Amino acid sequence: MNSYLKSVLVLLIVFAASFAAHYLVISGMNTGGYWAQTSYSLVGMYTFGFCSSLLAAVLIFFANWSMPEKLGVIFLGLVLLKAVAGYIYIKDGLKTVENNFIEYNFLVVFFIALFVDVYVAFSALNQADKQV
């Protein structure tokens, strides 16, 4: 299987499984009512995380194809841009709920996305080593 397709499939599976687990934890703890106090939703957060990770994966694949020696620097730049984009996305929800409900849920999604990005970059780096 093409390594690019495999990475996108892993991205999709990890986000789907994480969303299901996250939803079950929130519903099991009976904290779903906090979503009504904000304009955010769990689906929206996972959509943002998935889209940003998919864009990062495509850019990592393109960088690996065009300039593999600069892949580490490009990855760090993408992580920085994702952090800034994440802050812009979540800044209106900061301190809206008294128990930091939005902040903690967003951090879970952000770290899952970061984990997937590291996996994609690691796969791209290892693929570049095999071709040399």
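Trainee: What makes the approach of the backbone nitrogen of Y40 to the side chain of T38 a polar contact?

Mentor: The backbone nitrogen of Y40 lies 3.3 Å from a polar atom of the T38 side chain. A polar contact is a pair of N or O atoms within 3.5 Å, where within protein one must be able to donate a hydrogen and the other to accept it, and where residues adjacent in sequence count only if both atoms are side-chain atoms. The 3.3 Å separation falls within that limit, so the term applies.

Mentor: Keep in mind that this is a predicted model, in which local features need pLDDT of at least 70 and side-chain atom pairs count only at pLDDT 80 or more, while totals for chains, interfaces and linings use all residues. Residues are numbered from 1 along each chain as its sequence is written, and side-chain values use heavy atoms, with hydrogens and water left out.

Trainee: Why is T38 called buried?

Mentor: Buried means under 20% relative accessible area, exposed means over 50%, and partly exposed is in between, with a 1.4 Å probe and protein chains only. T38 has 16% relative accessibility, so T38 counts as buried. T38 lies in the loop between helix 1 and helix 2, and leaving aside residues up to four places away in sequence, T38 touches T96, V97 and I102, where contact means heavy atoms within 4.5 Å.

Trainee: How do you know which parts are helices, and how many are there?

Mentor: Helices (H or I, at least four residues) and strands (E, at least two) are DSSP runs, numbered from the N terminus. The protein chain has four helices and zero strands, which read along the sequence as α-α-α-α.

Trainee: What makes a set of residues a nonpolar core, and which residues have the most contacts inside the largest one?

Mentor: A nonpolar core is a set of buried Ala, Val, Leu, Ile, Met, Phe, Trp, Tyr and Cys residues joined through side-chain atoms within 4.5 Å. The largest such core has 29 residues, and F15, W35, M45, I60 and I102 have the most contacts inside it. Helix 1, helix 2 (42–66), helix 3 (71–90) and helix 4 (101–131) each supply at least two residues of this core, with the largest share, 11 residues, coming from helix 4. Among the residues that M45 touches, not counting those up to four places away in sequence, are W35, I102 and F106.

Trainee: Why is the pair of F15 and Y46 called edge-to-face?

Mentor: Rings of Phe, Tyr and Trp (its six-membered ring) pair if their centres lie within 6.5 Å, and planes under 30 degrees apart count as stacked, over 60 as edge-to-face and the rest as tilted. By this rule there are 14 aromatic pairs. The ring centres of F15 and Y46 are 6.2 Å apart and their planes stand at 85°, so the pair is edge-to-face. F15 lies in helix 1 and Y46 in helix 2, so this pair ties together parts that are 31 residues apart in sequence, and both F15 and Y46 are buried. F62 and W65, by contrast, form a tilted pair, with 5.6 Å from centre to centre and 40° between the planes.

Trainee: Why does W65 count as exposed?

Mentor: The relative accessibility of W65 is 65%, so W65 counts as exposed.

Trainee: What makes the phi of N30 worth a remark?

Mentor: Most residues other than glycine have a negative phi. N30 is not a glycine, yet its phi is positive, about 55°. N30 follows helix 1, and at 67% relative accessibility N30 counts as exposed.

Trainee: Why is N100 called partly exposed?

Mentor: N100 has 21% relative accessibility and therefore counts as partly exposed. N100 lies in the loop between helix 3 and helix 4, and N100 too has a positive phi of about 55° without being a glycine.
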